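Welcome, and take a look at the model below. This briefing walks through a few side-chain pairings, grouped by topic.

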Amino acid sequence: MSQETDRPKAGPRTSLEEGIAEWRSYLRRRQAIHSVDADELEDHLRSQASALVEKGLTEDEAFLIAVKRIGELDLLSREFAREHSERLWKRLVVAPDSGGLKGKEARVAVALAVAAAVAVKLPELFGVRIDTHHELPAFYLRNFSLFVLPFLAAFFAWKRSLAPAGRLWLAAPFVLAAALINLMPFSAHAHTLFLAALHLPIALWLAVGYAYVGGRWRDHDQRMNYVRFSGEWFIYYALIAFGGGVLMMLTMFMFRASGLDAEQLLAAWILPCGALGAVVIAAWLVEAKQSVIENMAPALTLLFTPLFTLVLLGFLATMAWTGRGVSVEREVLIGFDLLLVVVTGLVLYAISARDPQQPPGLFDALQLLLVASALLVDGMALWAVVARISEFGFSPNKLAALGENLILLVNLGGSAVLYGRFLARRAAFTQMERWQTAYLPVYALWAWVVVVVFPPLFGFR
């Protein structure tokens, strides 16, 4: 079983066309240029290579030298060469890097991470504190995502040189979200407040995506780049969180050995500041260390896809053997929703990591099995949600679960159909990619519905 990634193969080529296809496949996964510009550069590459072949060079030699001569892609050529050092690429195109831009990016990222950490502590100047012995204040629950996501969006707006008009469009959802979430008169312990706080980061993540793609949201390749970034960001953030957790435990151990209690310091300062700052740092690491995580991503999808498939198939077999359905308890339904979200994210990330030009293989069949299993589980969870609504009536939590299960049902159903057509060689894999990227706004739209519509609909309770 093998997983194909977005990285071109390192084996020998037999024709100029294969080399250009390999180069184009690599290029389309990067943020460097527009697709229209890529077409023009491909024409230039072809003419350069053809001229060199006429002078007596082999097609492989002509292709490598032609790429070297394309000055606009110098950095991308060096990245390609590093990942394929066993080939002639490295001798032809690797040149010393200038650390100025990367150093500046690092300074900007660290400054924005510090700004997010400062922002989360500013409310303490007005008496709103994070206390480990009490519930999180409602102000923090409302604004937690607003303490960091604007800084993450600012990082990408700066790096992508977003136009002034694009910056205004970028600021609009954050200003709207800040006004709505803070002006709504939620009652104490309101379920709609918790739901709004939970869905607001999802709604604003799409706004961050607008900054990430430099305002080119209608470009399918750029949306897929953002999907890929989101998966890689999650990996880096999880690694940072794991390391931070170990560091906090060791810190508590050392302080206790000295007869001191560092729990309040860690919980009120280190944890919130580190958690928010790491959001920006993880994004910078994805940008700066892209080749490293791209080597890790296929291995992760290869590991977790069969594991999640076995879990879902085992659950379905158990349900069929025992004749039992899904429990209608709220906690159980929440757990199933989280499982389906994780599975959908895994499928989406695996799609983003696959080379669309590769023919269908065993891993694609496994992906279809995972999607089909998730589709059946989603149907069972949806039936349980409907049963709970019919027994107890509508509530904010049940209506949110109903909507999310329906959205996942449509996504998984479309994915199953397209995977089946692809395995039958009746459709190109790019159709699957476009289905996923076109569906992204649906998640953001539903998140905005939960944030904006649910609170007044249920009386802010």
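Are tryptophan 205 and tryptophan 233 buried or exposed? In this predicted model, tryptophan 205 is buried, and tryptophan 233 is buried too.

**Aromatic pairs**

- Tryptophan 205 and tryptophan 233 make a tilted aromatic pair, with 5.1 Å from centre to centre and 50 degrees between the planes.
- Because tryptophan 205 belongs to helix α10 (residues 191-212) and tryptophan 233 to helix α11 (residues 220-257), their pairing ties together parts that are 28 residues apart in sequence.
- Both tryptophans are members of one aromatic cluster, which also includes Phe155, Phe156, Trp158 and Tyr237.
- The count of aromatic pairs comes to 24.
- Another of these pairs joins tyrosine 140 and phenylalanine 147: the ring centres are 5.7 Å apart and the planes are at 50 degrees, so this pair is tilted.
- Tyrosine 140 is buried at 0% relative accessibility, and phenylalanine 147 is buried with a relative accessible area of 8%.

**Salt bridges around glutamate 287**

- Five salt bridges turn up in a search of the whole structure.
- Glutamate 287 meets lysine 159 in a salt bridge of 2.7 Å, N to O.
- Since glutamate 287 is in helix α12 (residues 263-288) and lysine 159 in helix α8 (residues 149-159), this bridge ties together parts that are 128 residues apart in sequence.
- Glutamate 287 is buried, at 11% relative accessible area, while lysine 159 is partly exposed, at 22%.
- Glutamate 287 also forms a salt bridge with arginine 160, at 3.1 Å, N to O.
- Arginine 160 sits in the loop between α8 and α9 (164-183) and glutamate 287 in helix α12, so here the parts tied together are 127 residues apart in sequence.
- Through shared partners, salt bridges link Glu105, Lys159, Arg160 and Glu287 into one network.

- Lysine 121 has a salt bridge to glutamate 124, with the closest N and O atoms 2.4 Å apart.
- Lysine 121 is buried, with 9% relative accessible area, and glutamate 124 counts as buried at 13%.
- The charged end of lysine 121 also sits over the ring of tryptophan 269, 4.1 Å from the ring centre.
- Arginine 354 places its charged end over the ring of phenylalanine 429, 4.6 Å from the centre.

**Serine 145**

- Serine 145 is found in the loop between α7 (138-143) and α8, and counts as buried at 10% relative accessibility.
- Beyond its neighbours within four places in sequence, serine 145 is in contact with Pro150, Leu200, Pro201 and Leu204.

Definitions and conventions
Residues numbered from 1 in each chain as written. Predicted model: local features only at pLDDT ≥ 70, side-chain atom pairs only at ≥ 80, totals over all residues. Heavy atoms only, no water. Salt bridge = Lys/Arg side-chain N within 4 Å of Asp/Glu carboxyl O. Buried < 20%, exposed > 50% of the residue type's maximum accessible area, 1.4 Å probe, protein only. Helix = DSSP H or I, 4+ residues; strand = E, 2+ residues; numbered from the N terminus. Contact = heavy atoms within 4.5 Å. Phe/Tyr/Trp six-rings, centres within 6.5 Å; stacked < 30°, edge-to-face > 60°. Lys NZ or Arg CZ within 6 Å of the ring centre and 35° of its normal.
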